Amino acid sequence: MQLKGKLALILAAAATFATLAGSAMAASPVFDVDREFYPYYPSLIKWNKSTLDFTPPTVCQGCHEKQYKEWSASVHQLAFQDPVYQGELNKAVKAVGHEISRQCEGCHSPAGVVTGEIKGPGNAGLSEMALAGVSCDICHSVSGVTHWQTPSHEPENGSFILTPGVETKDGPRFVKRGPFKPSEECGGGFHDCAESSLHLQADLCASCHQVYHYDAHFPLEATYLEWKHGPYAQKNVLCQDCHMVDTASFKKTADQFIKPDRKEYRHYFNGANYLLSYLAAGAAKKAGNQEQADLFMKQYQMAVDRLKSAADIEITPSYQKGELKELQVRVKNVRAGHNLPTSLTNVRQMWLEIVAKDEAGKTVLTSGQVGADGSLPADARLFNSDGMGDNFHFAIDPWVVTSFSRHDTIPPRGYKDVYYGVPVLKGMKKLNVEVKLRYRQADQKVAEALLKAVPKDIDLEKIYGLKAVPPLPVVDMALKKASISTRQAAR
Ligand code: HEC
Ligand code: HEC
Ligand code: HEC
Ligand code: HEC
Ligand code: HEC
């Protein structure tokens with residue numbers, strides 16, 4: 001009897017302890033978390049551990065030089081060392097505590113999380129594998145995904161399984177997973193090969209390209225679901241088909257909804273982040289590696305070209321009683337497989353700039369011009385989202401944002417219309433209009449704040465030659481000019 005009472009007490013205490021321990025990360029009935037199944041929570045990575053370690057990319061380079069060279073200048077290679085990431089990670093750990101860093105690192109350097117090597121922001125003392133970010137042995141060790149088991153039952157926060165090696169009766173063996181049926185020589189004695197259909201699906205990319213709030217499971221970035229619910233997914237045009245090919249192949253794929261030829265695939269993973277490629281090129285040059293700097297500049301140019309081919313603009317005048325009253329500007333997403341812009345939609349900026357002049361060159365209408373301090377005017381028409389925290393206030397940081405108060409990006413093959421009222425134009429015959437769709441990685445002030453938060457061991461001046469944050473470069477994605485009659489032509 002006494003023993004039973006004691007046991008009950010212990011059980012009750014254990015239950016209280018469990019609730020307390022769980023309370024740091026909410027156990028919500030809607031987003032139920034199985035912490036045994038997900039030992040690295042808030043990252044949803046799983047690791048099939050064997051006696052074999054992860055293999056750093058320079059080892060793969062020995063036999064796969066071509067793939068290595070392409071990947072080495074990609075944003076995936078930079079995913080952990082990226083100074084913008086390091087700044088935000090530093091802020092996250094200070095605001096929430098160390099636990100949140102597993103969530104971030106689970107996508108930005110997965111090996112560093114499961115081995116427990118990364119102890120916080122900064123690069124000092126880390127192994128090549130941890131610094132290599134999203135490297136060869138991450139993607140080619142992915143043996144499966146747990147997209148149905150996640151708290152949101154969607155791919156999120158690194159919901160893949162890493163199996164770099166297995167134990168066999170002949171001892172431990174590396175297994176690398178790829179798209180093809182392996183040949184006899186596959187692996188050159190270094191690794192075994194396994195054919196993996198996952199590598200020919202967007203699900204491989206989904207686990208990392210669905211960034212959810214670390215515990216509220218709100219989709220902060222939903223590139224995969226935007227793609228899945230759009231026309232490219234229906235035609236089996238995958239992330240790989242646009243991002244693992246050069247610019248010409250990508251355009252052909254996007255325009256005709258056809259998959260690239262087998263031999264066109266490359267390890268570029270090129271997207272929109274020209275700023276990061278540019279910074280990395282500067283760092284490589286400073287370190288005396290001109291060849292690597294050239295590779296980064298090639299990625300820079302590819303990202304700019306990609307942005308310049310993603311959208312289209314149409315200008316249509318509308319008249320009332322024969323007088324020009326309004327301009328309709330239609331912005332079309334013609335080649336992005338997901339919304340435009342995608343991912344960090346509450347940080348990236350894509351907006352319309354319009355200038356209209358009379359015949360004498362006098363400006364009669366403007367909107368969206370960047371100010372001298374790099375800020376955008378309040379009237380600028382942005383295609384983005386506004387993050388909102390628990391208290392219904394505007395927020396940017398991913399650990400604070402739990403919903404969007406406004407989400408206004410352009411769906412794949414979709415469009416958005418913007419209307420500009422035209423002032424009274426006495427005696428004027430023509431209105432000359434110039435419209436630009438402009439893009440930059442972030443608001444000037446946001447970028448400055450992020451780079452200020454970079455951990456001390458990353459010296460921006462020494463590594464990147466940055467003394468201060470320069471005005472962020474803007475890319476003009478599309479430009480349209482029109483000369484519009486102020487009076488409607490008689491029909
Ligand atoms: C599910 C995977 C995932 C998780 C978790 C994740 N990220 Fe990311 N992060 C990404 C992807 C993918 C991008 C690229 C999106 C883009 O380029 O628009 C990115 C981009 C970024 C960028 C922009 C980098 C640049 O150069 O512009 C920052 C900053 C960043 N992440 C910080 C964080 C922090 C801090 C955390 C943790 C609180 C975090 N991320 C968690 C996948 C993830
Ligand atoms: C983000 C994930 C990812 C990373 C990182 C990555 N790969 Fe791949 N790799 C893939 C995918 C997906 C394919 C299949 C592409 C296709 O359909 O042909 C592939 C294909 C391959 C192939 C088969 C031949 C080919 O080129 O298509 C080899 C070999 C290979 N990768 C080696 C590497 C090496 C070496 C690295 C590092 C330098 C690397 N991969 C980094 C995803 C990745
Ligand atoms: C000793 C040489 C050697 C090393 C080191 C090596 N590989 Fe391979 N690997 C090969 C050979 C040979 C093939 C078969 C020919 C080919 O596809 O290039 C192959 C094939 C592959 C494939 C294609 C599998 C498929 O779908 O058919 C992938 C993926 C791959 N390797 C990944 C890696 C990764 C990742 C690393 C580093 C962790 C690595 N390899 C290191 C020799 C090597
Ligand atoms: C039909 C071609 C196409 C497909 C398919 C496609 N993308 Fe993109 N992607 C683009 C274009 C064009 C851009 C540049 C414009 C933009 O930022 O949306 C881009 C940009 C991106 C960016 C950079 C966003 C930023 O603001 O920095 C990421 C990340 C990305 N894509 C990931 C993916 C993933 C993951 C998939 C699959 C789920 C995918 N893409 C499918 C064409 C495509
Ligand atoms: C292990 C996680 C992970 C996987 C798997 C992954 N990515 Fe990424 N990817 C990232 C992170 C993190 C970044 C952003 C790094 C940064 O900006 O610091 C990124 C960036 C990118 C970018 C560049 C975005 C830009 O703004 O320019 C593209 C394109 C991209 N990924 C495509 C893919 C494709 C295609 C696949 C699948 C074949 C894939 N990724 C798989 C984590 C991943």
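This is a predicted model: local features need pLDDT of at least 70, side-chain atom pairs count only at pLDDT 80 or more; totals for chains, interfaces and linings use all residues.
Residues are numbered from 1 along each chain as its sequence is written, and chains are lettered from A and ligands numbered from 1 in the order in which they are written.

The protein is divided into domain 1 (23-238) and domain 2 (310-485), with bounds that come from an automatic or database domain assignment. The centres of the two domains, taken over C-alpha atoms, are separated by 33 Å. Contact between them, defined by C-beta atoms placed from the backbone and lying within 7 Å, involves 28 residues of domain 1 and 23 residues of domain 2. On the side of domain 1 that touches domain 2, at least two residues each are supplied by helix H5 (83-96), strand S8 (219-222), helix H11 (223-228) and helix H12 (231-234), where helices (H or I, at least four residues) and strands (E, at least two) are DSSP runs numbered from the N terminus. H5 gives the largest share of this side, with 10 residues. By class, the side comprises 16 nonpolar, eight polar and four charged residues; here Ala, Val, Leu, Ile, Met, Phe, Trp, Tyr, Cys and Pro count as nonpolar, Asp, Glu, Lys and Arg as charged, and the others, Gly among them, as polar.

Glutamate 99 is placed in the loop between H5 and helix H6 (100-108). Because 14 C-beta neighbours lie inside 10 Å, glutamate 99 counts as partly exposed, a class that falls between buried (20 or more other C-beta atoms, placed from the backbone, within 10 Å of the residue's own) and exposed (12 or fewer). Although glutamate 99 and tyrosine 214 are 115 residues apart in sequence, their C-alpha atoms are 9.9 Å apart in space.

Two ligand surroundings were examined, with a residue taken as near a molecule if its C-beta atom, placed from the backbone, lies within 6 Å of it. The shell around ligand 2 holds 22 residues, of which Cys60, His64, Cys136, Cys139 and Tyr265 are the closest. Helix H2, helix H3 (65-72) and helix H9 each supply at least two residues of this shell, which divides into 13 nonpolar, nine polar and no charged residues. Around ligand 3 there are 23 residues, and Cys60, Cys63, Gly178, Phe180 and Gly188 come nearest. For this shell, at least two residues each are supplied by H2 (57-61), H9 (136-139) and strand S5 (171-178), and the classes are 10 nonpolar, 10 polar and three charged.

Two open sheets were assigned, strands being paired if DSSP finds at least two bridges between them. One sheet has three strands in the order S1-S3-S2, with mixed pairing. Strand S1 (46-47) and strand S2 (142-145) stand at its edges, each with a single partner strand, so one side of each is left without a neighbour in the sheet. S2 is joined to strand S3 (residues 160-162) by three bridges in an antiparallel arrangement, and valine 145 has phenylalanine 160 in S3 as its bridge partner.

The other sheet consists of three strands in the order S9-S10-S17, with antiparallel pairing. Its edge strands, S9 (311-320) and S17 (415-421), each pair on one side only. Neighbouring strands of this sheet are turned by 20 degrees against each other on average, direction ignored, with axes being lines fitted to C-alpha atoms and angles running from 0 to 180 degrees between N-to-C directions. S9 and strand S10 (residues 323-333) run antiparallel and are joined by 10 bridges, and aspartate 312 stands opposite lysine 332 in S10.

Definitions and conventions: Two residues are in contact if their C-beta atoms, placed from the backbone, lie within 7 Å.
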